Amino acid sequence: MAFVLVLIAVIALLAGAHWYVWRRLVRDTTRGPGAVRRAGTAAVWALPTLSLGLLVSGWAGAPFWLQQVLAWPGYLWLVVLLYLVLALLAGEAVRAVWLRKGKYPRAAGTPESPEGPGFAPSADDGTDGADRTTVPSASTAPDGRALGSGTATMAETEAEAGVTALAGGGAGGGTATGVSRRLFVSRAVGAGAVAAAAGIVGHGTYGVLRGPGLKRVTVPLAKLPRSAHGFRIAVVSDIHIGPILGRAHTQRIVDAINSAQPDLVAVVGDMVDGSVADLGSAAEPLAQLRARHGSFFVTGNHEYYSGAEEWIDHVRELGLDPLENERVEIAGGFDLAGVNDLEGEATGAGPDFAKALGDRDPSRASVLMAHQPVVIHDAVDHGVDLQLSGHTHGGQLWPGNYLAELANPTVAGLERYGDTQLYVTRGAGAWGPPVRVGAESDITIVQLASRQA
């Protein structure tokens, strides 16, 4: 029942957002029924069908090629819609101020009713009488120019001032047709919103397709021996190989990691969004990872949506060591443990901290790989010195970071919880739309520091 209510709320929210975009970008910027308005209306209501088709194709197990075809337009429209709505909402203040400046006081002798001599509202200019202020004017000639006493509409006055280009008319023998202030403001604000949304989404998409940057963080551990001082762990999470981010994306990540020459690679979950059959070849560049002490992997929630057992077997074939509620001793340094993701609890394969961390030497430093930051309290209870996590994407799309803060103890970066430190990477890929705004992707080189050094 709760799922149904949430689904209804989401559908209502999306429908309302599309109606708002249609009203501000189509209805308010056109003069009335016509080809332009019909085309705009068709676009606003056709684009979400691609998004819906993408979601349905995933749930229905449609051929992977079809999911790939629908992924780009389906996902991008959702993120464009988000920033169109935000930009248009910000533009409401501009609209209100701009329109208020256009309300001139009525001159002496001007009739109360707008239907005075010379008042000629147009049924197709996208305005009503309340939006057309009257000012003193001469009577009009057939060509619309003032000749005698009477009143003229503000639209005519604005046309005389040159506010004509947006409405059409002009060369070719026709008379320039003035636009109302409301129509002009609607078009200006709408154009600004479209430009802002396109710029934000374009820049965010470029950042993801360019690949993650390298970030370096030094973490001191009290129990780390002098021999392990300067040990470097490449932490990568949320690669999200899928219908959009494929083999080239994986190769960029591998090349970035290898360029840093880490001592160990920690892949902290959410590597894929799809089955081994569809994405196995896209993950193959992971076999090229090079680190002196090896590469390790733990599951994220998305592995359990994509066939976790098959992916665990596949990453093992690629040369990564899956840590399924287990730990290994890193020579001359510390214990490295890994736990399954919380999503595995649905199939009886959830995290088992006692199995991964029990019966170990508490005098040795310990580093835990766990996809979700929310298990930090279990890590504290088991004496972990450093937990490495992902999952949050740093919010991925502003203002999503505020929602991420509500669901996670740490959204990105290094924080301390008791004697345990938690580091959360923003991830190397993107889920859903291949766009990041205010949360650039990263691969973090965590350098361990011994206090004995």
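1. Let's start inside a sheet: Ile233 has Leu264, in S5, as its bridge partner. The two strands involved, S4 (residues 232-236) and S5 (residues 264-268), run parallel and pair over four bridges. Strands count as paired if DSSP finds at least two bridges between them.

2. Some ground rules before going on. This is a predicted model, where local features need pLDDT of at least 70 and side-chain atom pairs count only at pLDDT 80 or more, while totals for chains, interfaces and linings use all residues. Residues are numbered from 1 along each chain as its sequence is written, and side-chain values use heavy atoms, with hydrogens and water left out.

3. Back to that sheet. It is open, has six strands in the order S3-S14-S4-S5-S6-S7, and its pairing is mixed. Strands S3 (213-221) and S7 (321-322) stand at the edges with a single partner strand each, so one side of each lacks a neighbour in the sheet.

4. Now the chain as a whole. It has 12 helices and 14 strands, taken as DSSP runs numbered from the N terminus (helices are H or I with at least four residues, strands are E with at least two). Of its 453 residues, 49% are buried; buried means under 20% relative accessible area, exposed means over 50%, and partly exposed is in between (1.4 Å probe, protein chains only). Among contacts with a separation of 6 or more, 71% come from residues 24 or more positions apart, where contact means heavy atoms within 4.5 Å.

5. What about the outside? The chain exposes about 21000 Å², with carbon and sulfur atoms supplying 59% of it. A nonpolar surface patch of about 770 Å² is made by Met1, Phe3, Val4, Leu5, Leu7, Ile8 and Ile11. Patch residues have over 30% relative accessible area and no salt bridge, and nonpolar side chains (Val, Leu, Ile, Met, Phe, Trp, Tyr) are joined within 5 Å, like charges within 9 Å. Met1 sits in the segment before helix H1 (2-27) and is exposed, at 75% relative accessible area.

6. The unreviewed UniProt entry lists residues 6-22, 42-62 and 74-98 as "transmembrane region"; such annotations may be inferred rather than shown by experiment. In the model, residues 42-62 are 86% helix and 0% strand, with end C-alpha atoms 26 Å apart. Residues 74-98 are 100% helix and 0% strand, and their end C-alpha atoms are 35 Å apart.

7. On to charges. The whole structure has 12 salt bridges, each a side-chain nitrogen of Lys or Arg within 4 Å of a carboxyl oxygen of Asp or Glu. One of them joins Glu92 and Arg24, with the closest N and O atoms 2.9 Å apart. This pair links distant parts of the chain, Glu92 being in helix H3 (residues 64-101) and Arg24 in helix H1, 68 residues apart. Glu92 is partly exposed at 21% relative accessibility, whereas Arg24 is buried at 14%. Both belong to a salt-bridge network that links Arg24, Arg27, Asp28, Glu92 and Arg95.

8. Finally, take a look at Asp263. Its side chain meets Arg232 in a salt bridge (4.0 Å, N to O); Asp263 lies in the loop between helix H6 (247-260) and S5, Arg232 in strand S4, 31 residues apart. Arg292 also forms a salt bridge with Asp263 (3.0 Å, N to O). Arg292 comes from the loop between helix H7 (276-279) and strand S6 (295-298). Asp263 is buried at 9% relative accessible area, Arg232 is partly exposed at 22%, and Arg292 is exposed at 64%.

How values were computed:
Areas by Shrake-Rupley, 256 points an atom, 1.4 Å probe, with all protein chains shown as cover.
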